[in-house]
Amino acid sequence: MTYTTLRVSITARIATVTVNRPDKLNALNTQCKSELKELFINLRTNPDVDVVILTGAGEKAFVAGTDIAELTTLNAESGKEFAEGGQSVFDLIQHLGKPVIAAINGFALGGGLELALACHIRIASENAKFGQPEVNLGIIPGYGGTQRLPRIVGIGKATEMTLTGNPITAQEALRIGLVCAVVPQGNLLSTAESIAKTILSKGQLAIRMSLKAINISMEMPLSEGLKVEAALFGECCSTEDFKEGTTAFLQKRKPEFKGR
Ligand code: COA
């Protein structure tokens with residue numbers, strides 16, 4: 001597969017995906033969204049990939065939003081379709097079934113923040129800035145920002161960010177739990193790779209079931225989510241990885257998981 005707006009490399013079970021429009025601060029245009037969709041559909045079933053790292057080209061931006069030049073002709077009907085189209089790409093990422101780590105290397109604004117919110121783990125470089133500036137354009141976040149941001153940082157901070165459009169720094173993002181680490185720009189990808197390698201050292205069935213259970217917590221009341229968690233826990237108990245993990249612990253050795 002060749003892409004014009006993405007760079008993709010796959011090494012040691014980790015796919016690194018770079019949104020590659022640095023002259024437009026990696027703003028998501030239609031081409032880019034459709035390439036992300038095609039790529040993530042492929043990654044979902046790609047047997048060579050167990051973890052994905054998503055980042056932006058250059059040192060200035062992760063993704064500075066949806067491409068504003070493409071917004072100008074939208075009307076009520078096409079605007080709704082536009083939002084649904086972007087949401088479908090980001091849903092695909094959230095429900096990939098494999099961990100996606102956002103390595104946020106600069107501006108994550110509007111659709112860029114929403115893209116990061118659809119990822120499972122977010123880390124940032126010290127220069128990163130986060131915001132939902134859509135109100136400056138007379139619109140609201142349309143790719144999941146009004147739904148995922150409050151679930152991740154709490155309704156108070158999400159409301160403040162969405163109504164003011166004011167960006168926050170990487171340190172503030174760390175403080176409110178939007179990202180789980182802030183590192184120097186030069187260490188960002190190696191930190192993401194180190195998290196990916198830690199995940200890869202675990203039983204991959206348990207990783208996938210953990211993701212499934214956590215995703216469900218976004219959508220179900222606690223009592224229903226607990227039922228799903230118990231069912232998935234039971235499924236884990238029938239796997240070879242479970243036998244290997246518990247046996248290895250008792251034998252005081254490292255487990256050798258097979259993903260079965
Ligand atoms: N859509 C389309 N183009 C964008 C863009 C976006 N979301 N964000 C940046 N760009 C383009 C700029 O138009 C400019 O293109 P040009 O060189 O052809 O004029 C280029 O990227 C560089 O951006 P510029 O504004 O010159 O950089 P800056 O350092 O002065 O400012 C930002 C950086 C991020 C503060 C500013 O670009 C910005 O506010 N972007 C829009 C953010 C936004 O509202 N996102 C939500 C959209 S729903």
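# Legends to the close-up views

**View 1. Valine 52 sits in strand E3 (residues 51-56).** Helices (H or I, at least four residues) and strands (E, at least two) are DSSP runs, numbered from the N terminus. The model is predicted: local features need pLDDT of at least 70, side-chain atom pairs count only at pLDDT 80 or more, and totals for chains, interfaces and linings use all residues. Residues are numbered from 1 along each chain as its sequence is written, and side-chain values use heavy atoms, with hydrogens and water left out. Valine 52 has a relative accessibility of 0% and so counts as buried; buried means under 20% relative accessible area, exposed over 50%, and partly exposed in between (1.4 Å probe, protein chains only). Apart from residues up to four places away in sequence, valine 52 touches Ala15, Val17, Phe40, Leu43, Leu96, Pro99, Val100 and Ile101, where contact means heavy atoms within 4.5 Å. Between valine 52 and alanine 103 there are 10 Å from C-alpha to C-alpha, and the two are 51 residues apart in sequence.

**View 2. Strand E5 (residues 100-104) is buried at 5 of its 5 residues, so the rest of the structure largely encloses it.** Val100, Ala102 and Ile104 point one way from E5, while Ile101 and Ala103 point the other way, and all are buried. In general, side chains of a regular strand alternate between the two faces of the sheet. E5 runs parallel to E3, to which 3 bridges join it; two strands pair if DSSP finds at least two bridges between them. Isoleucine 101 in E5 is the bridge partner of isoleucine 53. E5 is also joined by 4 bridges to strand E7 (residues 121-125), again in the parallel sense. There, alanine 103 stands opposite isoleucine 123 of E7.

**View 3. Strands E4, E6, E8 and E9 form an open sheet of 4 strands, in the order E4-E6-E8-E9 and with mixed pairing.** Strands E4 (61-63) and E9 (168-169) stand at the edges; each has a single partner strand, so one side of each lacks a neighbour in the sheet. The pairing of E4 with strand E6 (residues 107-109) is parallel and spans 2 bridges. Alanine 108 in E6 stands opposite valine 63.

**View 4. Strand E1 (residues 6-11) and strand E2 (residues 14-19) run antiparallel and are joined by 6 bridges.** Valine 19 in E2 is the bridge partner of leucine 6. The two strands form a hairpin with 2 residues between them, and alanine 12 in the turn has a positive phi of about 50°. Most residues other than glycine have a negative phi.

View 5. Asparagine 26 is not a glycine, yet has a positive phi of about 60°. It belongs to the loop between E2 and helix H1 (30-45) and is buried, with a relative accessible area of 0%. Lysine 252, also not a glycine, has a positive phi of about 55°. This lysine is found in the segment after helix H10 (240-250) and is exposed, at a relative accessible area of 78%.

**View 6. Threonine 66 lies in the loop between E4 and helix H2 (76-94).** Its relative accessibility is 16%, so threonine 66 counts as buried. The side chain of threonine 66 makes a polar contact with the side chain of tyrosine 143 (3.2 Å) and reaches the backbone oxygen of leucine 28 at 3.4 Å. A polar contact is a pair of N or O atoms within 3.5 Å; within protein, one must be able to donate a hydrogen and the other to accept it, and residues adjacent in sequence count only if both atoms are side-chain atoms. Leaving aside neighbours within four places in sequence, threonine 66 is in contact with Ala27, Leu28, Lys33, Leu71, Phe82, Gly111 and Tyr143.

**View 7. The ligand has 16 residues around it, of which Lys24, Lys60, Ala64, Thr66 and Ile68 come nearest.** A residue is near a molecule or strand if one of its heavy atoms lies within 4 Å of it. The protein buries 58% of the 860 Å² that the ligand exposes when taken alone.

Technical notes. Accessible areas come from the Shrake-Rupley method with a 1.4 Å probe; for residues, only the protein chains shown count as cover.
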